[in-house]
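Here is a friendly briefing to read alongside the model. Please keep the sequence and the 3D view open as you go.

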Amino acid sequence: MRKIIFIAVLLFVQICFANNDKQILRNQTSRLLSRRQYERVITLYKDWLKDYPNDIEIAGKLVDTYLIVNKIDLAEELYNRYKDSFPAEGKLKFQLLIDLRKGEHKLAFRRVNKFLTVDTPEQEYLALAQLFQENRQYDFAAKLILAAREKSGDNTLYARELALNYYSAEEYEKSIREFFVMLENDERYYYFATSRIRQMLEKDKNLIKVVEKCVYRSNSNKAKEILADSFAELGMYEEA
């Protein structure tokens with residue numbers, strides 16, 4: 001009986017020391033990450049995994065750090081070693097980031113389509129869209145945001161996010177339409193929308209036709225002001 005109690009106490013003490021060491025590791029890496037000293041962070045994580053190879057949290061953080069410094073092969077190798085232990089959402093995130101950094105954008109989007117179900121919440125769509133956006137895959141990001149909008153049943157939601165992604169993807173007609181939807185929702189976006197529409201007109205003057213159509217359908221008082229500003233931008237002062 002005494003032997004069992006001794007072993008239990010010893011295990012408890014070991015766990016306490018390990019937890020304390022891990023908190024020290026978290027604090028150290030947090031400071032180093034804030035200073036962008038990624039190589040030192042990688043060394044600390046690797047040393048930790050030598051002693052605690054089953055620590056999924058630190059394995060995930062090391063994959064993240066490899067991705068930050070664009071060590072894609074090392075990130076993929078480590079991910080493959082631990083992928084059966086990562087939770088489903090974390091596993092998908094790592095798969096997508098590795099695919100996107102390797103330039104396999106269509107493969108990443110196929111993974112997303114397999115992951116999504118009728119029960120997937122809107123916020124998950126938006127979080128996945130953010131991953132594509134951060135990797136400059138704006139067209140795929142827009143598709144996910146549109147899917148979130150359809151799921152919500154409100155065809156005016158996420159207009160700002162769509163307008164900006166379409167703008168970055170150089171799908172200017174769609175971008176202009178979403179800027180007007182955004183304006184319908186909140187006229188405080190007037191100056192922001194006007195600025196972006198001016199930029200698009202500078203790239204393609206024929207987009208004025210799209211602006212006219214949007215103004216005709218709009219119920220916003222600010223829409224006519226945008227049209228007048230657009231005509232002035234193009235030197236069409238009589239129309240303005």
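Leu-126 is buried, with a relative accessible area of 18%; buried means under 20% relative accessible area, exposed over 50% and partly exposed in between, using a 1.4 Å probe and protein chains only. This is a predicted model, in which local features need pLDDT of at least 70 and side-chain atom pairs count only at pLDDT 80 or more, while totals for chains, interfaces and linings use all residues. Residues are numbered from 1 along each chain as its sequence is written, and side-chain values use heavy atoms, with hydrogens and water left out.

**Around Leu-126**
- Leu-126 sits in helix H7; helices are DSSP runs (H or I, at least four residues) and strands likewise (E, at least two), numbered from the N terminus.
- Not counting residues up to four places away in sequence, Leu-126 touches Ile-145, Ala-148 and Tyr-158, where contact means heavy atoms within 4.5 Å.
- The C-alpha atoms of Leu-126 and Ala-142 are separated by 9.5 Å, and these residues lie 16 residues apart along the chain.

**H7 and H8**
- H7 packs with helix H8 (residues 138-152) at an angle of about 170°, the axes being 8 Å apart; axes are lines fitted to C-alpha atoms, for helices over the stretch in contact, and angles run from 0 to 180 degrees between N-to-C directions.
- H7 and H8 are therefore roughly antiparallel to each other, a term for angles over 145 degrees.
- Among the residues making this contact are Leu-126, Ala-129 and Phe-132 of H7, and Leu-144, Ile-145 and Ala-148 of H8.
- By class, the contact of H7 with H8 has 12 nonpolar, two polar and two charged residues; Ala, Val, Leu, Ile, Met, Phe, Trp, Tyr, Cys and Pro count as nonpolar, Asp, Glu, Lys and Arg as charged, and the others, Gly among them, as polar.

**H6 and H7**
- Helix H6 (residues 105-115) and helix H7 (residues 122-134) pack at about 170°, with axes 12 Å apart.
- H6 supplies His-105, Ala-108, Phe-109, Val-112 and Phe-115 to the contact, and H7 supplies Glu-124, Leu-128 and Phe-132.
- That contact of H6 with H7 has six nonpolar, one polar and one charged residues.

**The whole chain**
- The chain has 13 helices and zero strands.
- Of its 240 residues, 38% count as buried.
- Among contacts between residues at least 6 apart in sequence, 50% join residues at least 24 apart.

**Helix H10**
- The buried residues of H10 include Tyr-172, Phe-179, Phe-180 and Leu-183.

Notes. Angles under 35 degrees count as roughly parallel, over 145 as roughly antiparallel, 65 to 115 as roughly perpendicular and the rest as oblique.
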